Amino acid sequence: MLSNKTVLLGITGSIAAYKMANVTSMLKKMHADVHVLMTKNATNFINPITFETLTGNKCLVDTFDRNFEFSVEHVSLAKKADILLVAPASANVIGKLAGGIADDMLTTTAMACTCPLIISPAMNTRMYENPILQRNLETCKQFGMEIIEPDSGHLACGDEGKGKLPPERLLVEAILRRIRFEKDMAGKKVLITAGATMESIDPVRYITNHSSGKMGAALAQVAMQRGAEVTLIKANTTCEIPYFVKVVNVRSARDMFEAVRAVAGGMDIIIKAAAVADYTPAQVANEKVKKADSDLSIPLKRTADILGYLGENRRTGQVLCGFSMETENMLENSRAKLTKKRVDMIVANNVKVQGAGFGTDTNVVTLITKRSCEELPIMSKDEVAGRIFDKILSLKQGDSEDEVVGTKKEEANEEVTADTNAETNATDTNVEETVEDTKQETAAKES
Ligand SMILES: Cc1cc2nc3c(=O)[nH]c(=O)nc-3n(C[C@H](O)[C@H](O)[C@H](O)COP(=O)(O)O)c2cc1C
């Protein structure tokens, strides 16, 4: 992810300094060339040897250290840096950065950097709320530095309040967001749906499916890293949710429909990767359904067809993409869905293929558009997400033979309705509307 990228980490005298060992390790696993710069006070909190071992590079503390290969280190590092993250940033170092003071290796290097500079303050709440500190942060912002707001919670000094260093994963994501990709999706509003809906049977039981939300989360993350403004509407997920995207939590297919409908009009690209139940209990019992000696049947009714609704109501130029999870006749069923739902692209996968489907970190997909059908080899969901957006951008820009499908008013003569009970195609098994899961797995979870 970060091959050929040079990341500088500036660590200052804060109790949170130890967390940067994990950040360093995460960045190394992404193949970044990591260099750590510590203030002298930071070395009271964590030993530089830790970072030297993790990075394979000398940890720089003293500007006038003669014990290294000769070059004017602060300048050469600043020249090759793709990004500098100062975390945890002490009140003292923030003051220096705001005031243009360069009296140690970290602040001198920061002064020489032209790459993006991110500051993640961490300190006691009283220090954080001090108007001088706030003014200094404002000054840093005005000079183009990015400030990551600290978290609130229990602080090391025993106080409760704002000033905690955010989770390591957020700090890494802040770096990825700035340097991983070119911003070829800047200015685009993207809506992604993810996860498995939960359809209540009674106050303690529900019907759901195996979706982890990983594919949708990967799509949201990649779009955000490519510069898009991302909204992620998510039902139940068991995966990590990316930072720096707007998250809307929903539970049922009906909630998902309402949430999508509320924002769809303002979106440039919509990708429906959620596993939405096609059927929901006709009635939700107010009390827990009691066990009896006889068998039990639960009548189900159709849920709203979200993709059908979007195809019917989209504005010109909006790109719509659905997922199709099949167990047989994948291409045929997916092409039918493309036409029927009036969408631009279907990402088809077969849950029976090894490396594809629910819960895995990989997927094996075929990208189907009006005029093309591209079978991709097994790849990570992160890579699949990238390929999906490459294809979508080519559709939008007219680079390929495909064109964005027009609105109903412009071209269609097909009837697709969003009516809850309108859709009866029993072969239409897909991720977005997981008929098979809900039908086969009506096995309700009992608490
Ligand atoms: C145990 C301990 C924890 C500290 N934690 C923080 C902190 O989280 N944030 C902060 O701004 N200062 C903290 N300080 C104070 C700084 O270490 C102090 O202001 C120091 O001069 C900062 O030096 P530096 O900015 O050169 O690293 C702490 C001090 C001690 C003794």
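Visitor: Hi! Which residues of S4 are buried on one side, and which on the other?
Guide: Hello! In this predicted model, Leu117, Ile119 and Pro121 are buried on one side of S4, and Ile118 and Ser120 are buried on the other. Both faces of the strand are covered.

Visitor: Okay, and how many residues of strand S4 are buried?
Guide: For S4, residues 117-121, the count is 5 of the 5, so the strand is largely enclosed by the rest of the structure.

Visitor: Which way does S3 run beside S4, parallel or antiparallel?
Guide: S3, which covers residues 83-89, runs parallel to S4, and 4 bridges join the two. Within that pairing, valine 86 stands opposite isoleucine 119 of S4.

Visitor: What about S5, how many bridges does that one share with S4?
Guide: S5 is residues 146-147, and it pairs with S4 over 2 bridges, in the parallel sense. Here isoleucine 118 has glutamate 146 of S5 as its bridge partner.

Visitor: Switching topic: how many helices and strands are there in the protein?
Guide: The protein has 15 helices and 21 strands. Of its 447 residues, 46% are buried.

Visitor: And what is the average pLDDT?
Guide: The average is 87, and 86% of the residues score at least 70. Over residues 406-447, though, the pLDDT is below 50. That stretch still has 88 contacts in the model beyond near neighbours in sequence.

Visitor: How should I read the coordinates where pLDDT is low?
Guide: Not in detail, where the pLDDT is low.

Notes. Residues numbered from 1 in each chain as written. Predicted model: local features only at pLDDT ≥ 70, side-chain atom pairs only at ≥ 80, totals over all residues. Buried ≥ 20, exposed ≤ 12 C-beta atoms within 10 Å, placed from the backbone. Pairing = 2+ DSSP bridges. pLDDT = per-residue confidence, 0-100. Contact = placed C-beta atoms within 7 Å.
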